[in-house]
Amino acid sequence: MMDTTTTSDRLLTEIERQQKYLSLLPDDFSFPLFNAAQALESQRRSGYRNTASASREIIDNAIEAGANRIDVCFARPVRHKAHQRAESISAIAFIDNGSGMIPKMAQYALSWGASTHFDDPHFIGKFGFGLPNASINQTRLVEVYTRVAGQPTITKAWLDTREVRKHGLQTIPEPTEAELPSFVQAYLDKQGLAFEHGTIVVWVEPDRISYRTPSTMREHLMDDFGVAYRYLLDRVAIHVEGTKVEPVDPLFLTPDARYFLPSDKGGAILSADWHIPVKYARNPDNGHVELTRVDDMSELREDDPNLEATGAIHVRVSRLPYGFAKDSGGGKAETDAHRRFEIRKGRRGMSFVRAGREIETVDVFPKSIKDQAKGLGNWPLLQSYAYHWGVEVRFEPQLDEVFGITNDKQTVRPIEDLWRLLSSEGVDAALGREQVYQRTTRKEEKQKQRLADARKADRQTRAENAAARADSVVGHGPKISEHVKGQVRKEFDAEARKKAKVDQISLENARRALEEEAKRRPYIIDFYDEQRGPFYKPEWSYGTQVAVRINRLHPFFQALYAPLLKLDNADEAKQALDLLLIALARTELDATDEEASLWYETQRERKWSPFLADAYRLLQQTMAPPDEETAAETDMAM
């Protein structure tokens, strides 16, 4: 018979694998609901995204216990292990001045489901999973030091997953009296704090934390706490390594929060706001529990056997003006605009706030044809434009079933009725309008920037120089035709008089200066703006200088020329295009008789330019990305 205990699982059939693991059970195995060691190892990989999200569970408990101050501090290693840096984290402590716990409660609090608020839906906590779940996610050993007011000693309870047996009944050890860890006491002394009552949770030698260095971890926690507890920081102070956490509103509508600006000074604008009273009740006709709006408070009766929950849902939408949040391009976030964009990058979508504490930001709305057919709404695709608007949904714990709150308070799974309700209130339409506004605004601002970038160069360009050298090769440049010499001379004189007045020089000196400029730079690329004008026009400037004036309002400029100004390594193509335009302008100006000149002008203004305008517009339509996400990528930065 095969010895399954020494054979790799990969070589065993499923039945053999079952036999292998059943053979490891002791004879008196009583088949408990959970097998502790394996269950704990699985729980260590529960859904906390990072150390900050796990830490929120400990902060929540402290707020529940009535704390008005919470401190987080780090221990550095006393003795360094191999390859361990001196400036690294060897423990994290969460200190609160709440009510503390009696010894048995400290022991009970380290077991799963040990909630004292399960039947009270008005608290942040509810499920009794937070302390043990979040702690073992980050460390294998968690210690709890606690004291109630008037108690002379400090109680210590702990959970060490390394001591949990693989099988059999598992229990939390009996609490003992203890002194505080030295690094915690040192922090309290430095901050001038006394531990007269409250609870201290210590993650000893955490092995799954997001950052190892204290400075980076401090920044990580402060950034997260500032947003997650933005509505609670007015009644509880949170300090990380001695620095107070300030509230950060990711919609930038709260006056006392960081990075706020009044709307009249370029700050965010509240573009929509809803207060929706709701009830969650069983429909007696079909037996389904449904979420509906309450239009008349007489609908609500305390003795209604079908009523599951009542409450209100608050929704607000903010609009960020152009330039209010800017991408730093991968560099350091040096300005408030850069820091705002960093905040928005992590919260593109709908922010859900439960009992004043943010749960998560959902970045996927119902979008399929099936979703729309079910009446879930017509929600916008969350592309990069959504960095520049925000939407927040606030609710109280009695509506947890509606929002699908998980027991770790890390995610929301809204029921379909919620999307129907929000859609019926016009929230999806409001977000769609924000998408259109941001897309239109950014397109217009982008065009303005392109116009600002397209201007006459202060020095001769490579294309202009190449054209002048080409004249030397052929032995002559373009000549002014007899039929336009009078007009060219008139314009030259007008330009000379203007220069003489501005520079306060004689008319003769002004003429000479213009002639020298035309000789030094016989060709020049310049720009003009005319809504329905030709895509370019050639002119004699400074007497003998050939000026190619490109129309910045023509689709030729918008579709071809302007993008070349923005592309990296595209200067060679831009110079080649300038040379082509110079060649066209040179040929038209070099026409020897009036009829030939008129033919060129007619072709350029009435044939080529209208055709190019229509063709470029059609080309842009056919080359548009199939989805808005792709189309918006170039607009992320502003």
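**A helix pair and a sheet**

The crossing of H14 and H15 is right-handed, meaning that the near helix is turned clockwise from the far one by less than a right angle. This is a predicted model, where local features need pLDDT of at least 70 and side-chain atom pairs count only at pLDDT 80 or more, while totals for chains, interfaces and linings use all residues. Residues are numbered from 1 along each chain as its sequence is written, and side-chain values use heavy atoms, without hydrogens and water.

Helices (H or I, at least four residues) and strands (E, at least two) are DSSP runs, numbered from the N terminus. H14 covers residues 482-503 and H15 covers 507-520; their axes come within 8 Å and cross at roughly 115°. Axes are lines fitted to C-alpha atoms, for helices over the stretch in contact, with angles from 0 to 180 degrees between N-to-C directions. Contact means heavy atoms within 4.5 Å. On the H14 side the contact includes Phe492, Ala496 and Ala500, and on the H15 side Leu507, Ala510 and Leu514.

Now the sheet. It is open and mixed, with 6 strands in the order S10-S9-S11-S14-S12-S13; two strands pair if DSSP finds at least two bridges between them. S10 (289-293) and S13 (357-362) are at the edges with a single partner strand each, so one side of each has no neighbour in the sheet. The twist averages 25° from one strand to the next.

S12 (residues 350-354) pairs with S13 in the antiparallel sense over 5 bridges. Phenylalanine 352 stands opposite glutamate 360 in S13.
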